[in-house]
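Please read it alongside the sequence and the structure shown here.

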Amino acid sequence: MAASASAPSPEAGRITASPAAPMIAHSPATAPKPVGPCIRIIDAHGQLGPRMEIDGDRTDLGRLEGELTLEDDPFLDARHARFERREGRYHVLDLDSVNGVFIRIKERTPLRDGDRILLGRQLLAYDTLHPSEATRAPMMLRGVLVFGSPAEAAYARLTRITTEGLGRDVFYLYRPETMLGRERGDLVFSDDAFLSRGHARISFDAASHQAYIEDLGSSNGTFLRVRGAQPLSDGDELRIGRHLFRFEAGSAAGDGAGTP
């Protein structure tokens, strides 16, 4: 009689579940508190001062009037500048002030007739030339051509604006590149300790008849006076009165401030 096959062990092929892992309670993550836009004064050592909040859609800054006042700044108008929110982005506007609002340039920037350039302690007026002024015929005196250096055709001039409100030291621009600095360049301001050795460059594209200015990695930057509503991005630096400000867009949800 054949031996019957033995029945499989009840343990064969069984998958034994491991003990259930203990449940760990996770506290809900705390979302960071939104921070609104602000401006902060940058002192002479490069340190940031307290936040000056920009609330709502419009905040004015001045010496005596507005939401932000700096009574100790004699270069500010009573109501000098406005920070305004437009389509989710903040802009700065000059309120027809005497001394204007200047923004630090970050890249090669086109120059326009009437621009004001601030670098170091130098305020320069940039003015394009009318063709009749750009190229003049050689001078005749008593029927004789005047002997002198060749006169190159210029495209613009720079004029230093002094604290008396007067224009001095007119520089005509005619080279493809004009360098400005404290020690190196075509225009040298050797007594200005706030300028870098080689500070900025103005270049001219003859084909488009367009001039550009760019900062050459200077310590204190190159600024242009704003016209109209100037859009702001996080980290932009502004010169208003005698103060240097940094704009911070903040992190408020749905803000959009400072987004290019």
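**Threonine 128 and the overall model**

Threonine 128 is partly exposed, with a relative accessible area of 37%; buried means under 20% relative accessible area, exposed over 50% and partly exposed in between (1.4 Å probe, protein chains only). The model is predicted, so local features need pLDDT of at least 70 and side-chain atom pairs count only at pLDDT 80 or more, while totals for chains, interfaces and linings use all residues. Residues are numbered from 1 along each chain as its sequence is written, and side-chain values use heavy atoms, with hydrogens and water left out.

**Chain as a whole**

- The protein chain has 1 helix and 22 strands; these are DSSP runs numbered from the N terminus (helices H or I, at least four residues; strands E, at least two).
- Of the 260 residues in the protein chain, 36% count as buried.
- Among contacts in the protein chain with a separation of 6 or more, 51% join residues 24 or more positions apart; contact means heavy atoms within 4.5 Å.

**Largest pocket**

- The largest pocket holds about 1,500 Å³ of space; a volume is the space filled by probe spheres set on the grid points, which are joined across faces, edges and corners.
- A pocket is an open set of points, on a 1 Å grid over the protein atoms alone and with a 1.4 Å probe, that has protein on both sides within 12 Å along at least five of seven lines; lining residues have an atom within 4 Å of a point.
- The lining comprises 40 residues, and Leu118, Gly120, Arg121, Arg239 and Gly241 lie nearest the centre of the pocket.
- Elements giving two or more residues to this lining include β1 (38-42), β10 (122-128), β13 (156-161) and β22 (243-248).
- By class, the lining has 14 nonpolar, 14 polar and 12 charged residues (nonpolar: Ala, Val, Leu, Ile, Met, Phe, Trp, Tyr, Cys and Pro; charged: Asp, Glu, Lys and Arg; polar: the others, Gly among them).

**Aromatic pairs**

- The whole structure contains 3 aromatic pairs; rings of Phe, Tyr and Trp (its six-membered ring) pair if their centres lie within 6.5 Å, and planes under 30 degrees apart count as stacked, over 60 as edge-to-face and the rest as tilted.
- Tyrosine 90 and phenylalanine 247 form a tilted pair, 6.5 Å centre to centre with 50° between the planes.
- Tyrosine 90 lies in strand β6 (residues 89-94) and phenylalanine 247 in strand β22, so this pair ties together parts 157 residues apart in sequence; both residues are buried.
- Tyrosine 155 and phenylalanine 204 form a stacked pair, 3.9 Å centre to centre with 10° between the planes.
- Because tyrosine 155 lies in the loop between β12 (144-145) and β13, and phenylalanine 204 in strand β17 (residues 200-205), the pair ties together parts 49 residues apart in sequence.
- Tyrosine 155 counts as buried at 5% relative accessibility.

**Selected residues**

- Threonine 128 is placed in strand β10 and, not counting residues up to four places away in sequence, touches Asp113, Tyr155 and Ala156.
- Threonine 159, in strand β13, is buried with a relative accessible area of 10%.
- Valine 226 lies in the loop between β19 and β20 (229-231) and counts as buried at 7% relative accessibility.
- Leaving aside neighbours within four places in sequence, valine 226 is in contact with Asp94, Val101 and Ile103.
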